Structure formats: structure tokens, C-alpha cells
Amino acid sequence: MSATSSTTSAPTENAAPENDFLAADGGLKPPGPTPSQSRFQVDLVAEAAGANEDKSPSSDASTTVPSSDKATPVAPPEALSADPGVGGEEAKGRFRVVNFADPSAAGSAASPEAPPAESLQNGDTVMSETSLHSSTGGQHHYHYDTHTNTYYLRTFGHNTIDAVPNIDFYRQTSAPLGEKLIRPTLSELHDELDKEPFEDGFANGDELTPAEEAANKEAAESKGVVKFGWIKGVLVRCMLNIWGVMLFIRMSWIVGQAGIALSCLIVAMATVVTTITGLSTSAIATNGFVRGGGAYYLISRSLGPEFGGSIGLIFAFANAVAVAMYVVGFAETVVELLAGVDLIMMDQINDIRIIGTITVILLLGISVAGMEWEAKAQIFLLVVLVTAIFNYFIGTFIPVQAKESVGFFGYNGLIMWENMGPDFRGETFFSVFSIFFPAATGILAGANISGDLADPQLAIPRGTLLAILITGIVYLGVAVSTGSCIVRDASGNVNDTVSSQFMMNCTEAACKFGYDFSTCRGTEKGCPYGLHNDFQVMSMVSGFGPVITAGIFSATLSSALASLVSAPKVFQALCKDNIYPGLGMFAKGYGKNNEPLRGYILTFVIALAFILIAKLNIIAPIISNFFLASYALINFSVFHASLANSPGWRPSFKYYNMWVSLAGAVLCCGVMFVINWWAALLTNAIVLGLFIYVSYKKPDVNWGSSTQALTYHQALTHTLHLSGVEDHIKNFRPQCLVMTGYPNSRPALLDLVNSFTKNVGLMICGHIRTGYRRPNFKDLSTDQARYQRWLLKNETKAFYTPVYAEDMRQGTQYLLQAAGLGRLKPNTLVLGFKNDWRDGDMMNVETYISMIHDSFDFQFGAVILRLKEGLDVSHIQGQDDLLSSQEKSSGMKDVIVSIDTSKDSDADSSKLSSKATSLQNSPAVHKDDDDDGKATTQPLLRKEKRSPTLPLNGSDQRLLEASQQFQKKQGKGTVDVWWLFDDGGLTLLIPYLLTNKKRWKDCKIRVFIGGKINRIDHDRRAMATLLSKFRIDFSDINVLGDINTKPKKEHVLAFEEMIEPYRLKEDDMEQDAAEALKESEPWRITDNELELYRAKTNRQIRLNELLKEHSSTANLIVMSLPLARKGAVSSALYMAWLEALSRDLPPILLVRGNHQSVLTFYS
């Protein structure tokens, strides 16, 4: 081996220093690794000791190696260590990090004079030029290893390519956070040096979903993006959204109705619900990196796409309609002000529509202008709102004589005591609560723009919880202050004073201040002022009234603006995940901030439509319920994730509790019905409908949801629980180990067994792979995942289990012993009949028969399926596509496919004729040809690049048709059960299970049994009694009295002719020669055994005659499998019996249970 190649392969620990060479570096990207070469190459860089070398443009490499067979050694080991005076002890004996370049310095490497911070932490990491170009160019190469030529040196005192822990190995996206690197695979560290390293693009299955790839692209392109901190991004938004119109125009009325105590309770109850939800939101938001999408993103990544997709759609819609609700609230206030000065344009409704439309257009302009402008507008509105609140509180401390007649007397204990209890007038506690609760919503305003936050994990918990605290305190403060200084009823008439003679009888608080408002209370209209009657009380109390009006404007417009931004952001995230295929057009973003302009337009249209209605009394409760449904699911997400006990659930926010979150979810559902029961029912119906739709569509996403985690947890718990319970006959299920080979190579076998095991018992597709000098176990695990997906896609409820073995028998023994888990273990071996047993090596027949013997040794039942056309279709290239095309157009005759002329055995479940054969039938999702040649499989029946093709010959056409016969609905026919020997009842149970299925339900069971001529009626009645006790329906029972009649002579002669080549004929040779031949060819039939089992041979031939006579038109024959004593009957004779018994018949299933009862008539 040349010096160059020796250095490019992975080094050993004993590699001498003088063998370390610098890789040739011409500034170009090095080519991909060759089969004999690891993708890791030596790329050592000596620490620069002098300023000249530091300033040199090529200071990344001190020496280059000429491209010749003989590489030149570099500097001696002394030169590789840094000068202690320059780098200190930290740099001594280390190698500089070449490739942690600043992404902003496009194309330029980091200067050695200003090494980045990572250079000390990862001082043993040297990265290649390839990686350097990829990180500075903005386009990252995910499908090709980003650490070509990476070399980790001397961390542990020797050279190694084993990587030290690095955050970049765990990334899913590139983006501003850094580049995704791929750690060396286990194969590259563990495999032999001359073996080609396994190249799978991504380590540990970190393949990116389309949504994540889109996020990568976005992130790579986004520069100068506006990101918000926790105050501007979350706190401000949440406070503005929570402080709504309720604060100024409804809070005083709530105090009038419920009193101070119950008002505080109402605020506290609402705050408890929002606080629990805030804690749950914080827990989810700190359990990993949060992208844009707010509530939708949090729920979908926790509970999966079904819940996330359903709640995301209604949450986005609720935000869109909320824009209309807030804008109409604003417009109503403006119209009232205009009406006060007689400035009505048309009429009240139309004025609201006009002002609302103008307002929403202005808000849309602010939103479309960009998040930065929207954030500035929010800050301004918050200042106005806070000013209005302070203005109110200041006003409460300034008693004004003129305001006494309208009920404001300043803080007073008597007024506070009078207003402490409730005074419900036409309302109840829960109706008042339902009016207040929408004022507490809006806690997700910050989370909804999670994609625009600099650090969502810090910002969402801090901002949301602080906003809930501040707003809760303000609501409580307003409730107590209004109740302490304003009476419930006031006339506004300064003349309603109390005369001295009535002062003694007056008990109301107003009397103490010299007012008597009882006169107006008794009138039909009631008093016009006071907490109960005047919604503008806070404006009247405040120091400067117009500031409260500005506060109302600010509260409505800020909430409208927050909703107008939230809806498109959530909707965009939903569309990017492609949960609803028709909505993909709204996923597109524009500008540096990836603004969802199309989403803004859609939100605007929805909002405008509801603004034009101008009456939102029906819509408002639905919106509240939509928000509450989102809160309930966020709380449930935390409970569910904690219950699943997944190791991946580890939020950095620790102040949550799974049971508190569950209580929060229940509270949210309760509040939904309290607010409006029919709206709650409607919301639940919509969520359920969307959930069912998404579940049915099964979006191709895997987010590691807690639903997955809980499914695993429950499966493990139930499997362990099942293992502690003894099996009972009533609960017996056929659990089949089916030797299918590749699952798509024997469709008939797979379909038939699936028919009677689906939703009843376990089915494992066993595949024994033989004939490999050095098995590639990684290929095995890849195939396992690929074919398992194929089974799921084809709705076959089975597990694919491949094994490597020396031969078929050894592999079967492995599977019989090890397949399954606990009680979920196979109890029945299912084989395809070996149609080609006479064509190949008879040792294969010996192996095949031994597999049947082994199954009985392991106390398994055995089932053999025979179709006269055969079972194995793997030699027909493109048979998958062919089957589907034939199903679509049954009239299609001349289908062109490629034929591999070396046809396979039906019985040999794995030995495919060539490696190409095994690959061409792969149902994998094939990569394109331009994937660096990494695709090991070719697409099935591909139209463009084709091997020479032949029309499908007649036998293969019949084989394909036969292979799909069990996929069709079986018409009115029969399943003939030839229950000749009692094997415990498996021969009867399988047909019963089969005829219970939809495809087979029109087939009747006919039972055939052996009997004596003179006892036919008795035997029939006995069997009918037994079947009725087993509660198994049958259409007919046939007792075969002539079962022991001798077969026809021509059939006997045909049998003898068939076995002639396999006889030992020991009488014609020396005893020693006969014994030697028998030992070398154990399948040989001796004359002695042939004579000994003559009667049994004749019975098989006779049974075949009877089968042809009685069951030639059956859809399926199920028959007792004849047994052969191990060691006494040679494999060739046993195979000949099976051949003679089952030839030239409809599909026949030979069944033999393990002679333990599987049926019982006891309850």
C-alpha cells in the first residue's frame, strides 16, 4: 500500500508521528470517499509559531503533499507543538480549529490572529476545507458528510476520528444557530479498514422532514431578521391582549352584580385557569427548541398532528374572527362618541361597518409593514393603556363634589361593606363569570409569534407568567377600588338629598353622604348611574375622562393587532407542515422575516366578513370556546407527556405538575360549558371532526409526540402484564411465524395468513438470508425498517423479522426460538409448499422437511400452503406495480416487465437467485439516480431507463393472477375442511376465523371426516354435535367411508415413477456402500421404509383422488397435514407424500396443530 493511501485510511492508536501527513489542499472541495478509503483523512495543522506564518494567506496548512505515490513527511513532532510563550499550556501539543469561521464573513476563513472562542474548547478538532466552504457559503450540505477529513487529535493522548461531544451533532437545522454536523458513524469507527464505510447521509435516523428542510432553507437565507426579547415580544403582547375593553366598560358592572368578594373570586378563578395554562405552556416551550406557530406548534409537537392540526385550524380562525370582534368593539365606542355630538353618517349599524372597515385596513397596513412596525405600535398602545389605568386610580383618590350625585364618593368603608356581597339583577354568578372570562384570554399572544422571538424558551415562560400576574393584580385592584368608592345606584340628580327627619331611617351608604337614591330605583327605567347602570363609570371617576376613552381605543386596537398578527403566523406554520394538503399556498413567506402575506390577506378577508355583520353576540362565545379548547389541549399535552414518561420529556421549566395540568384541562372544558353550552358542543364537534379527518389522512410526519411515547409505555406495560397470566384455551389465537422471505415476494401466502390473523393474532414475516460470506447487519436493520413500512402501507398487520444464518434450517431454528416477546410469541409455523423440490439439490428438501420437524420439536403447529401455480413472484421485476395496475384495469393483457430467468423456489424463504433480484423487488422509496450513486435499489417498473424487456409469459401471468386471488372478495363458494386427524382443533379453527372475515363471509364450511361404511350416520351425527358445541357454523358434513380403498393403479405407478430417482436401492449394492450413501445423502428412500409405509403411501394417493372428486371447486381446502416419524421416514418420501396428496388441486392448506386443545365448549 502506498504511503498516501495508508494515511487516508483510519489510523490505529499506534500510528507513529512520522506517518502523519498533511492532506493535499488546493482550495478545492475534495472528492467523496472511494470504496477503499474512509471519508476521514488526515488534515493536521500545526500551530503557527511566527507572525509571518500567521499572516500568510495559506496559514491553514504549513505544508502540502504533492500528489504522488510517495508522500513527503511533514515537520518533525517538535514542530507540531506550539511555542509555550505564544499559546501557553492550553495550546501545547494541540491543533488549531481551522473551520469555526464567522458566517457573516462570507468566503473568508477566520484569522489565526483572532481565533474564535470554540478554538480552546474544541482545540482537538480540525475541520476540512469542505466544511469551511459549506459554513461560509450559507448553503449547507446535509446529504454529504460535512466533516470530510475531520480529525480529532490527542484529546485522549492519541489520534482518533472518534468525535468529542458537540452541540452541532444534535442539530436538526442550520440557521443562525450553527451548522449541522454529522458524527462519525459506528461503521466508520468499528468496521474493518478495507470495508467500504456505510454511507447513510444522516446519523441516528435524523432525516429531516419536508417542513424541517423548508425551515433550513428559510433559516439559511434569513439575515438581518428582527427578533424580539421577552418584554417586547411576550410581556407587552400578552398584557395588551389580556387588558381588553372589559377592563374599562365591564369591570365596574361585574362588581355591581357580584359584589367585591365574588368579583375577586371570578378574577381569581379566571387567573387560576390562565396561570395553570401558562405553566403548561412554559413547560412545553422549554422542552426543546420552539419554532413559529405558537399554540399549534406546541400542541402538535406534543400530542401529534391529529390534535395539533385540528386545534391549529380553529385557533387561527378564532384569532381571525377575534380581529373583527375587537374592531367592532372599537367602532361601537367611536360611533357612541360621534352620536354624542350628532355626527352620525348613516345609521348606527352602517357607521360601525364603515369605521370597522377603515380600522381593519389600517391595522393590516401596520402588520404588512413588518413585525418591527407592529411592535412599535404595540409599545405605543401599551403606554396609552397604562396611562389610562393610572389615570383611573389617581381619579379615585380625588373626591369631587360634582361627582357625588352620580354615585362617586371616594374611598369609604361603608360603601365597601355595602358592595361586598352580591346583588344579581337578571344574572347569575356563572353568567357574570362567562362575561368576564374572555377578558382573561390572550395569554398565548406571545407564544403565537414564537418564531419571531430571540429565545422562545426564556421569553415565553417569563413574559407569559409575568403578564398573567400583572394583569390579574390590576383586575383585582379595579374590582376593589370601584366597589369601595362608588355606590350601585345613583340618579345623577343633585337635588336627591336626604332631609334630616329621614336620616335616622336611611341605612344605605349614600345616606351618610346626604343623598337618597331610592326614588329612581323604584322607577321602571331604574337609576341611570352607579355600578349597576353606567358602563362609563371608570371614565367618570378618572382624573381626565378622555384618557379612559383613549385607553378603550388602545385596548381594542392592540388586541385586534395582536390577533391580526397571530392568526397568519399560526396558519402559516400549519400550512408548512402540510397537514391539510389544499392549504399549501399559505405556507409561503416573504421578506427577511418570512412574513405570511397571503395569510394576512386571508385573515383580513375573514375579519372583514365578520365586521360587516356588525353583531358579534353569537360569534363571541364561540371564539372564547375556541381559545379555551386550545388551552385545554395545552394543559392536556403536559399531563400526557408526563404520563408517557418519555426520556425526551425534560422541560427546563420545573414549576409544573402533571395533575395540576390535568385539572387545568378539566377546568378549561368546564368553563367552556359555563360560558355557552351550545358553543362548547359546537367547538368539540369541530375539533372532533378535524381530528378524525387528520387521523384518516395520516400525514407523513414524525414529531416524537407523547402519543407515540404513551403507546410504547402502554404496550410495554400490557405485554409484561400478559406475561404474568397463564394461557387459556378460550383465549388461544393462532400466532403465525410465516416464512415469506421478502414480504412482497409471496403475496398469496401473506394475504391468506393475514386474513385469519388480522385483529385476531400475531403474524411475523420471517426472512432467512443465507449465502453471505460477511453479513452486512446494517443492511439487515435498514431492510427491517423498510419492509415494516411496506407492510403498514399495504395494511398488513404483521412484523417483518429478518435473520442471517448459515442455512435455512438454522435460520428457522433461530426464529422459532427467538421471535416474539413474552406471550406475543408465535405458536404456528407457516410455510409455502416447495414446488420445485425435484429440480434442485435434494439437500434443500432435507432442510425443508427438517424445518417442519423442528417446528414440532418446539411444540409449534405447522401449516403449509400450496397453489398449483406456485407462490414466489420475486423473479418478476416490477410485480408490485404490475399488481396495482392490473387491479385498476383488469382488461390489461400485454404488460411489459423484465424477467429474471432463474426462478426461485416457493419454499426457500430467502435464497433469492441473486443480489440484484433481492434488490429489484424492494418496496423502498427509491432515490433519484443523481443521489451520488448512493441508491442501492432501482425503481420498480421504471419507464425511462430499462433493462431489456420481454412480454410476460403465460405461466408468469397465471402466477401473478394466482398470487392476488386472496386479495379479492371470495364469492359464494366453500371452504372444505378435511379434518381427518384430531390435532387439537387448529384445522377447524383456521377456517372458522377465515370465514368470519369480510372477504370470506360468503363461503360456507364443509367438513369431511373419515369413517366406516356401516357407521356413516353415526359419525356424521357425532361430528355435528361436536361442531354445534364448538358453536361453529357448517353447511355440510361428509363422512368418507371409502377412504381406505386402494388407489387407482396408474396413480400408484405415477408415484413410484416420481420417487424412483430418490431411492437408495440398498438391495442392489454392498451394505457398506449403502450405509455410506445413506449417510452422505440422508434423503434417500430405503426399500425397507417404502415397504413399511406402503399403506400410508397409498392413503395419500387415495386422498388426492377423493379431494379431486369432492373439492375440485372449493375456494380453499384445509386438510390435516400427514405426520412422518422423525428418523424413520426419509425427507424424499415425506416430500413425495405431500406432493401426491396436494397436486392438481385448488389452493390447499395443510394444517397440523401441536395436539393441545385450541377449542373448548366450556364457558
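Before the points, some housekeeping. This is a predicted model, in which local features need pLDDT of at least 70, side-chain atom pairs count only at pLDDT 80 or more, and totals for chains, interfaces and linings use all residues. Residues are numbered from 1 along each chain as its sequence is written, and side-chain values use heavy atoms, with hydrogens and water left out.

1. Let's start with charge pairs. The structure holds 25 salt bridges, a salt bridge being a side-chain nitrogen of Lys or Arg within 4 Å of a carboxyl oxygen of Asp or Glu. One of them joins the side chains of Arg-746 and Asp-872, at 3.7 Å from N to O. This pair links distant parts of the chain, 126 residues apart: Arg-746 sits in the loop between β4 (736-739) and α28 (747-757), and Asp-872 in the loop between β8 and α32. Helices (H or I, at least four residues) and strands (E, at least two) are DSSP runs, numbered from the N terminus. Arg-746 is buried, with a relative accessible area of 2%, and Asp-872 is buried too, at 0%. Buried means under 20% relative accessible area, exposed over 50%, and partly exposed in between (1.4 Å probe, protein chains only).

2. Do look at His-875 as well, which lies in the loop between β8 (861-866) and α32 (879-888). With a relative accessibility of 3%, His-875 counts as buried. Its side chain makes a polar contact with the side chain of Asp-956, at 2.9 Å. A polar contact is a pair of N or O atoms within 3.5 Å; within protein, one must be able to donate a hydrogen and the other to accept it, and residues adjacent in sequence count only if both atoms are side-chain atoms.

3. Another salt bridge pairs Asp-976 with Arg-1006, and their closest N and O atoms are 2.7 Å apart. Asp-976 belongs to strand β11 (residues 974-978) and Arg-1006 to strand β12 (residues 1004-1010), so the pair ties together parts that are 30 residues apart in sequence. Asp-976 is buried, with a relative accessible area of 0%; Arg-1006 is buried, at 19%.

4. Where does a salt bridge have partly exposed partners? Look at Arg-1063 and Glu-1060: Arg-1063 counts as partly exposed at 24% relative accessibility, and Glu-1060 is partly exposed at 32%. The closest N and O atoms of this salt bridge are 3.9 Å apart.

5. Salt bridges also form a network, which links Arg-838, Arg-866, Glu-1139 and Arg-1143. As background, side chains of opposite charge can pair when their charged atoms come close.

6. Helix α35 (residues 986-995) is largely enclosed by the rest of the structure, because nine of its 10 residues are buried. Among the buried residues of α35 are Leu-986, Ile-990, Pro-991 and Thr-995.

7. On the surface, Glu-1070, Asp-1072, Glu-1075 and Glu-1079 gather in a patch of negative charge. Patches are made of residues with over 30% relative accessible area and no salt bridge; like charges are joined within 9 Å, and nonpolar side chains (Val, Leu, Ile, Met, Phe, Trp, Tyr) within 5 Å. Lys and Arg count as positive and Asp and Glu as negative, while His and the chain ends are not counted. The place of a charge is taken as NZ of Lys, CZ of Arg, CG of Asp or CD of Glu. Glu-1079 is in helix α38 (residues 1071-1080) and counts as exposed at 69% relative accessibility.

8. There is a nonpolar surface patch too, of about 600 Å², made by Phe-390, Ile-394, Phe-397, Ile-398, Val-400 and Tyr-411. Accessible areas come from the Shrake-Rupley method with a 1.4 Å probe; for residues, only the protein chains shown count as cover. Val-400 lies in the loop between α15 (371-396) and α16 (413-418), and is partly exposed at 31%.

9. Finally, some loop residues. Most residues other than glycine have a negative phi. Asn-578, in the loop between α22 and α23, has a positive phi of about 60° although it is not a glycine; Asn-578 counts as partly exposed at 44% relative accessibility. Asn-645 has a positive phi near 60°, lies in the loop between α24 (619-644) and α25 (658-675), and counts as exposed at 58%. Met-585 is in the loop between α22 (545-576) and α23 (597-613) and counts as partly exposed at 49%.
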